Amino acid sequence: MAAQHPGGLGEVPEKMNFPEMEEEMLRFWNETAAFETSVKQSEEEGRPEYTFYDGPPFATGLPHYGHILAGTIKDIVTRYAHLTGHHVSRRFGWDCHGLPVEYEIDKKLGITSSDDVAKMGIAAYNKECRSIVTRYCGEWETVVKRMGRWIDFKNDYKTMEPWYMESVWWVFKTVFEKDLVYKGFRVMPYSTGCTTPLSNFEATSNYKDVSDPAVVVSFPLVDEPDVSLVAWTTTPWTLPSNLGLCVHPEFKYVQIKDLGNGKQFILLEDRLPELFPKMKKQKDKYKGGEFEVVKTFTGAELKGKKYVPLFKYFESQPNAFQVLNDTYVTSDSGTGIVHQAPAFGEDDYRVCMAAGIIEPGGFLPCPVDANGRFTDEVPDFAGEHVKAADKAIMNKLKEMGRLVTKNNIVHSYPFCWRSDTPLIYKAVPSWFLKLGPIKEQLIKNNNETYWVPASVKEKRFHNWLENARDWNISRNRYWGTPLPVWSSEDGEEVVVVGSIKELEELSGEKVTDLHRESIDDIEIPSKQGKGVLRRIPEVFDCWFESGSMPYAQLHYPFENKERFEKGFPADFIAEGLDQTRGWFYTLMVLSTALFEKPAFKNLIVNGLVLAEDGKKMSKRLKNYPDPMKVVSSYGADALRLYLINSPVVRAEPLAFKEAGVLGNLKEIFLPWFNAFRFWGQNVSRVEREQSWTFDRSAAEALAVKSTNVMDRWVIASLHNLVRFVREEMKMYRLYTVVPRLVLFIEALTNWYVRLNRSRLKSAIVSAEDTQVGLCTLYTVLLTLSKLMAPFTPFFAEYLYRQLARPQTDREASVHFLLMPEFDESVIDEDIENAVLFMQEAITAGRLARGNDLPVKRPLREVIIVHESQAVLDSLVQLETYMKLELNVRKISYTTDERSYCKLSAKADGKVLGKALGKKFGLVNKAVQKLSHDELVQFQADGKMTIEGVEVDAKDVFFNREVLVDPAKFQGRVSPSKLTVVLDTFFDKSLMYGQVAREITNRVQKLRKAAGVQIEDVLDVFYAVEGDDEACAVVNEAIRAEADLISSTIRCTLFPSSACPSYAPVLKSATDEVADAQFTVTLAKPCIVMPPLDALGQSLGVDAKVAANVVTCVSSMDLEWLKSKASKSLEVTIDGHLFKLQCGTHYFFSIADSQK
């Protein structure tokens, strides 16, 4: 059954299907173009711009919980900005270029090398890439909108649009002209699976524990062939490119003779266990006998010694195959001698360059192609992938007698974040953005930004900036924005193009697209007589493109110049913790390089959403529920609130539990809806019963003026909440705002509504008091719908439209309004504190009951003890509610703590133990000996001098223990030092109260089972059967507690003998009450007539005729009889006219018939 809503708005459903309600709200938003309307309204009103940048995702996969979380945070903040008087443009963007797209095509077409791309042609390859870029755009839009996020998809931006790419060119040319770009030959993390170098932040995003070979190789000295230097490596594939050996100049090295085979080796003294493992296993017990030391050297003394090349591939390299010195060599692993392959190690490259083994612009031995395979320069292993060649290389070394030891090591190794293949380090020619010249400004700009949480900015991001290295911004790929660099064949003449117009002017050709297939063949005539300039083959790192989005999304500086400059830096951005070294970094670097400003002012960093077991969510493992199935089961609001009311908004991880979303629905949304439904039901009933018309426009004024203590509390709490939300949202602290909102909803439903149910149902005090209470609940629910609008947009909209009944288009949606303001004058912290103490007293009282004293058993007295008389005085005004909740007849108050509890204490060993050292024991004993009164004073003063040491109260554990006679009392102490003592005495009058409570419980359960609505008027009958003594107890309880029973069930309880045989019975149930069988029957009100003998005597007819009269009259409609036969009624039966008198021959209620 559904209840009519006040004002004829429609029906309030008995149960709420939240997903269906959300779909209804979505239809309303779509039909009214609500999002577009809200943006238009704010623009027409001339509101100040609030700039938001949305990091572009790839559309090659479906959105997951990480996207949903970040999108929810963005939606909350931007909605809130709109609702606090700003104009907020929200534009969706797509990252279209780069490895994620190319990798999908490589898998689809079976492409394994750059040769495969060359065969099919770049145009065909890029056409394939373009075809899948928007594969899931539709699904993304569906998911994003279903989650309630308002963002513009119609005017989205795509990084593959020529106008976007043109702005990227402008960014590059601008930083190039600032001398911040150079082409360099640098050892970089390199993905052989994607045939491209990676940036440092990409290379650190996917580490795995793997088993790799660990070998020790010998390098005989040229002048002492019997003595060999020994080097350790976990990358045997780099040994064919060895050009040197490096030792630490200050370390101590030894030449030893292996007594087992007579060979002599040189290695670091501290690393001898690498050749003789017993030294490590036996440690101090090692007896020697395996080797003898021939001589010792410092690393500096070894410098310059020549050794025999391991292979002859590069034996003609000048200055190679000698011992070098550098302090990067460590003593914690290997042999203390590091083999140098300058093309495959950053330190190797640096050390060999310093030694003159390689030179800038000179030949660099790098016998590995773009696909990670050995070239013909290394004929023994040509064509093999380097990682696969490890085994063959080790076998070759063994044949040559150069393999000293061979083991395996498990260590953490970087993998490509996209292809999931092991990375190698490889020297590649790349274009770099210099960070050295702008590093100081980068750090300064970071300090000017505000992050939540601050620790990510101050530690993780700051440290990354401090240690940032030049950014490799080029990729040797195809599907991306091409670097706008045209160069002569000798590389001496270079032109950097910054726009389409400039390229057209320089080349004389019309340009419509900027992808490689469209511009690679465009040539620019040389101004230095070098023929023509051709474009270099590289494309931009896609992070350079996404880092350019503040400018490129507006096609700056070619369009929207004033708009961009007015709104830059952005007011707000948000993404996950993984973007610290990604988007956050690239935004900051480019904005600093371009404008010496940060790209953003405020930033929320969210943590990672993990599977329930704490592991990474995996499509393959299917260890997480489909997000849209969760939404279709529980609703988007429940999922949103679950995500944002968790540690994940503090950049901490969240182990996703579907049960948590269900818990939100049950514990927050259903009680919240029930509070609204309760209000609607009772307004309808009070309007009907009291001839009252609910006036929405006057409700808030009545609520604010209410003198009812719980009304004053809930209004004060509401305005305090509004103030808190406004203050905390200014600081972007969702992690404080959302829990406080949830706490208020729980307080509203669990305390205000529950404690005021009887008052809001009927005029216990007065009709006006009930009406004021309903106005108060309405005011709170309406304000809460506005306050929750950014967080739970669907249910907030539903409630607002049900409650406010907006009459104009301007107020049609809660999302068109402004955030509620708070009224300082109604914030009353005293009443809020009083209710907190009341809640603690009630909770402590219930806990004190334990299992032996159920709440249904009335208590004679409860004693509330506290040291502060002011606290006790504040509770007196709430005594009615405490009596009801604790089911107690009397409450007493006292400050005499010593009569009811004992206060003890002990010092906090973790804090004071460290601070006081040996004196802690003495101080702790003294603290434990303090009397009750001394401890009370200690707490009041906050500190005390003990054994000559000033001790702070916060460094002491205080404990109050209830001291009462357990045979007569039970007690519990609350967190705020309230001691609640229950008098457990039980007599017959208390027993009657318990029985009455059970009876009302049975009636209410039957009403619910029958589907009866709160406004339905019913007659309730009872019958008692069983043992005479048990029946007597129940009947006496009904008599003694008649007022309690009738006020609770809102009608009189009649014996079953009073129930007419023709009464329309709705439902009946029998249950045990006080050892008797207690039957309750619910019936619709009907006309009531005297017993047949009495009626027949009064009418002068026999029982048979009287029965016909009863049958005739009882078949008539009760409401018709009330209006047409309020005094008398004439009926004709078998030709005989009967004149019946109301109050004699018929009655309109059971109560009237029994007067």
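Predicted model: local features only at pLDDT ≥ 70, side-chain atom pairs only at ≥ 80, totals over all residues.
Local features need pLDDT of at least 70, side-chain atom pairs count only at pLDDT 80 or more, and totals for chains, interfaces and linings use all residues. Residues are numbered from 1 along each chain as its sequence is written, and side-chain values use heavy atoms, leaving out hydrogens and water.

**Exercise 1.** Work out whether glutamate 102 is buried or exposed, and what it touches.

- Start with burial: the relative accessibility is 1%, so glutamate 102 is buried (under 20%; exposed is over 50%, partly exposed in between, 1.4 Å probe, protein chains only).
- Next, list its contacts (heavy atoms within 4.5 Å): leaving aside residues up to four places away in sequence, they are Tyr125, Cys129, Arg477, Tyr478 and Trp479.

**Exercise 2.** Classify the ring pairs Phe172–Phe176 and Phe540–Phe544.

- Grab the rule: rings of Phe, Tyr and Trp (its six-membered ring) pair if their centres lie within 6.5 Å; planes under 30 degrees apart are stacked, over 60 edge-to-face, the rest tilted.
- The structure holds 64 such pairs. Phenylalanine 172 and phenylalanine 176 have centres 6.1 Å apart and planes at 35°, a tilted pair.
- Now phenylalanine 540 and phenylalanine 544: with 4.6 Å between centres and 10° between planes, they're stacked. Both are buried.

**Exercise 3.** Find which ring lysine 387 sits over.

- Look for NZ of Lys or CZ of Arg within 6 Å of a ring centre and within 35 degrees of the ring normal.
- That gives tyrosine 413, with the charged end of lysine 387 at 4.8 Å from the ring centre.
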